[in-house]
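Thank you all for coming; I would like to walk through one model this morning, starting with its pocket and then moving to the cores, a helix and a few backbone details. Please have the sequence and the structure open while I talk.

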Amino acid sequence: MRKIAVFVEGQAELILTRELLKQMFEFQDIRIECHALINDQLNYAPYDFGDKDAPFFYMIVNVGNDNSVLSKIKSRVEGLTQKGFCKVVGLRDVYGDVYKKANKNQRTINQELIKRFISANQAEIDATGHAREIRFIFAIMEVEAWFLGLREIFTGIDPCLTWEHIKTQLGYDLEKDDPETTHYHPAATIGDIFGLVGRKYDKHGRDVEPLVNPLTKEHYNELKQIDKCATFTKFVEELLLAE
């Protein structure tokens with residue numbers, strides 16, 4: 001059995017990871033267990049999937065805080081490797097209070113600042129002695145950027161929310177733009193799109209589930225194959241490759 005742990009910052013990331021894995025494995029040969037860290041203890045989080053004897057096992061852990069993802073991995077990586085986990089993948093957003101403060105509250109995608117964040121993060125990983133096992137992905141600026149890159153994802157919310165309609169109403173050119181380089185706060189962009197049909201987006205499960213449930217393996221593969229959302233492609237590759 002190949003075992004991989006995935007530590008994410010919140011519920012949106014957990015749901016996306018869970019549904020992405022199910023689709024990429026076509027619902028076969030995979031076991032997924034979901035947890036939330038509460039008072040530094042693992043607690044069940046909806047929902048587990050698959051046969052316990054499946055050859056591929058993924059444990060997804062919702063840390064509940066973007067700045068705690070790496071620290072929680074560092075405190076657990078030794079025990080996880082002893083339990084046979086071959087890899088620990090971390091996923092968090094760039095966007096957050098630390099980034100905003102470092103960027104002097106400018107509403108810009110500061111590539112040099114992002115590079116410094118990633119470099120400092122990797123230095124911490126290297127210092128653990130487990131750089132071979134730990135892989136860490138910063139979604140730029142948020143995982144919601146990946147949603148913006150998935151073709152016609154919003155028609156699952158309402159059939160009128162085509163890319164053409166969104167461009168006409170809001171000016172967002174989702175057909176052309178790379179969301180990782182054009183949307184400073186992707187969750188707010190999705191909030192604007194939801195607002196076209198009288199809904200709100202707050203990163204809760206009730207908001208994320210309707211977005212990801214209609215997606216198939218073909219949707220995810222299409223995003224991987226186009227020149228957008230490079231961190232999404234990297235995340236998928238780390239999930240699916242053993243080394």
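Which helices and strands each supply at least two residues of the lining of the largest pocket? Before I answer, a word on provenance: this is a predicted model, in which local features need pLDDT of at least 70 and side-chain atom pairs count only at pLDDT 80 or more, while totals for chains, interfaces and linings use all residues. Residues are numbered from 1 along each chain as its sequence is written, and side-chain values use heavy atoms, with hydrogens and water left out.

To the question, then: the elements are α2 (69-82), α4 (111-127) and β6 (134-139), where helices (H or I, at least four residues) and strands (E, at least two) are DSSP runs numbered from the N terminus. The largest share of that lining, 4 residues, comes from α4. The volume of the largest pocket is about 220 Å³, and of the 13 residues that line the pocket, Asn67, Arg92, Asn121, Glu124 and Phe138 are the closest to its centre. By pocket I mean, on a 1 Å grid over the protein atoms alone, an open set of points where a 1.4 Å probe fits, with protein on both sides within 12 Å along at least five of seven lines, and lining residues have an atom within 4 Å of a point. The volume is the space filled by probe spheres set on the points, which are joined across faces, edges and corners.

A core here is a set of buried Ala, Val, Leu, Ile, Met, Phe, Trp, Tyr and Cys residues joined through side-chain atoms within 4.5 Å, and buried means under 20% relative accessible area, exposed over 50%, and partly exposed in between, with a 1.4 Å probe and protein chains only.

Helix α1 itself has 14 residues and reaches 20 Å from its first C-alpha to its last, close to the 20 Å expected at 1.5 Å a residue, the expected span being 1.5 Å times one less than the number of residues. Because 13 of its 14 residues are buried, α1 is largely enclosed by the rest of the structure.

Which residues does leucine 174 touch, not counting those up to four places away in sequence? They are Leu148, Phe154, Trp163, Ile166, His183, Ile193 and Lys228, with contact meaning heavy atoms within 4.5 Å. Leucine 174 sits in the loop between α6 (163-170) and α7 (179-182), and at 2% relative accessibility this leucine counts as buried.

Tyrosine 95 is another loop residue, placed between β5 (85-93) and α3 (97-102), and it is buried as well, with a relative accessible area of 14%. Beyond its sequence neighbours up to four places away, tyrosine 95 touches Asp66, Lys100, Met141, Glu142, Tyr184 and His185.

One of those partners, Met141, brings me to the backbone. The peptide bond from isoleucine 140 to methionine 141 is cis, with omega near -10°, and methionine 141 lies in the loop between β6 and α5 (144-149). The bond from proline 46 to tyrosine 47 is also cis, with omega near -10°, and tyrosine 47 is found in the loop between β3 (41-44) and β4 (56-62).

Finally, glutamate 26 follows α1 and has a positive phi, near 55°, in the loop between α1 and β2 (30-38). Aspartate 29 is found in the loop between α1 and β2, and has a positive phi of about 60° although it is not a glycine. Glutamate 26 is partly exposed, with a relative accessible area of 47%, and aspartate 29, at 47% relative accessibility, counts as partly exposed. As background, most residues other than glycine have a negative phi, and most peptide bonds are trans.
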